[in-house]
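Hi everyone, thanks for making time this morning. Let me put the structure up on the screen, and then we can walk through it together.

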Amino acid sequence: PAVKNFCAKNEFFCEDHYADEAVMLRNAVPSAEGALAVGINATPIQMLGQKVLILGFGRIASQLALYLTAMGCEVTARMSGCHAVGFDALCNTLPEVTLIYNTVPCAVIGESELSAFDSEAVYIELASEWGIDKTAMKNYDGKARII
């Protein structure tokens with residue numbers, strides 16, 4: 001709103017691309033591809049058969065789930081074709097996954113969830129706000145990689 005007001009006052013053209021659903025959908029593809037590339041490079045094993053957790057179910061998460069399932073990953077996410085798990089059951093799921101993508105723009109991972117991470121896991125943050133509670137992160141002394 002502040003930028004829009006500034007532009008209106010100063011007679012600048014201002015267009016909000018985040019209000020355009022078509023732009024947002026087109027942005028999801030390179031975002032998901034970039035996330036996939038980070039995951040491939042961050043894990044020492046092949047993607048085929050890897051257990052992956054995607055937190056969230058928006059545009060990027062949906063596209064990422066398509067790529068990962070096509071690569072033969074066992075994907076846990078809240079979308080069709082994938083095994084779904086609620087946030088209340090994360091501690092039961094986290095020890096089994098090697099790759100975790102977060103697309104939820106708020107803290108959904110606390111101390112108990114962090115302690116449930118497999119020591120070989122890789123956590124990749126994709127949201128605009130961290131999905132890991134800041135206090136929990138300060139106290140975290142595990143071996144999982146957080147990117």
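Is Met79 buried or exposed? Before I answer, please keep in mind that this is a predicted model. Met79 counts as buried, because its relative accessibility is 17% and the cut-off for buried is under 20%. You'll find Met79 in the loop between strand 2, residues 74-76, and helix 4. Leaving out residues up to four places away in sequence, Met79 touches Gly56, Phe57, Ala61, Ser62 and Ala65. Take Gly56 from that list: 23 residues separate Met79 and Gly56 in sequence, while their C-alpha atoms are 9.2 Å apart in space.

Let's follow the chain on to helix 4, which covers residues 90-93 and includes Thr93. Thr93 is buried too, because its relative accessibility is 11%. Which residues is Thr93 in contact with, once neighbours within four places in sequence are set aside? Those are Thr76 and Val85.

Now, the rings. The structure has 4 aromatic pairs. In one of them, Phe117 and Tyr123 have ring centres 6.0 Å apart and planes at 25°, so this pair is stacked. Phe117 counts as buried at 8% relative accessibility, and Tyr123 counts as buried at 0%. Tyr123 also pairs with Trp130, again stacked, with 6.2 Å from centre to centre and 15° between the planes. Trp130 is partly exposed, though, with a relative accessible area of 41%.

On to the nonpolar cores. The largest has 20 residues, and the members that touch the most others are Val52, Ile54, Leu64, Leu68, Val75, Leu99 and Tyr101. Which elements each supply at least two residues of this core? They are helix 2 (21-42), strand 1 (51-55), helix 3 (59-70), strand 3 (99-102) and strand 4 (122-125).

Not counting residues up to four places away in sequence, Leu99 touches Gly39, Thr43, Met47, Gln50, Lys51, Val52, Leu53, Val122 and Ile124. There is also a second, separate core of 19 residues, with Ile100, Ile109, Leu114 and Ala116 among them.

Notes: Residues are numbered from 1 along each chain as its sequence is written. This is a predicted model: local features need pLDDT of at least 70, side-chain atom pairs count only at pLDDT 80 or more; totals for chains, interfaces and linings use all residues. Side-chain values use heavy atoms; hydrogens and water are left out. Helices (H or I, at least four residues) and strands (E, at least two) are DSSP runs, numbered from the N terminus. Buried means under 20% relative accessible area, exposed over 50%, partly exposed in between (1.4 Å probe, protein chains only). Contact means heavy atoms within 4.5 Å. Rings of Phe, Tyr and Trp (its six-membered ring) pair if their centres lie within 6.5 Å; planes under 30 degrees apart count as stacked, over 60 as edge-to-face and the rest as tilted. A nonpolar core is a set of buried Ala, Val, Leu, Ile, Met, Phe, Trp, Tyr and Cys residues joined through side-chain atoms within 4.5 Å.
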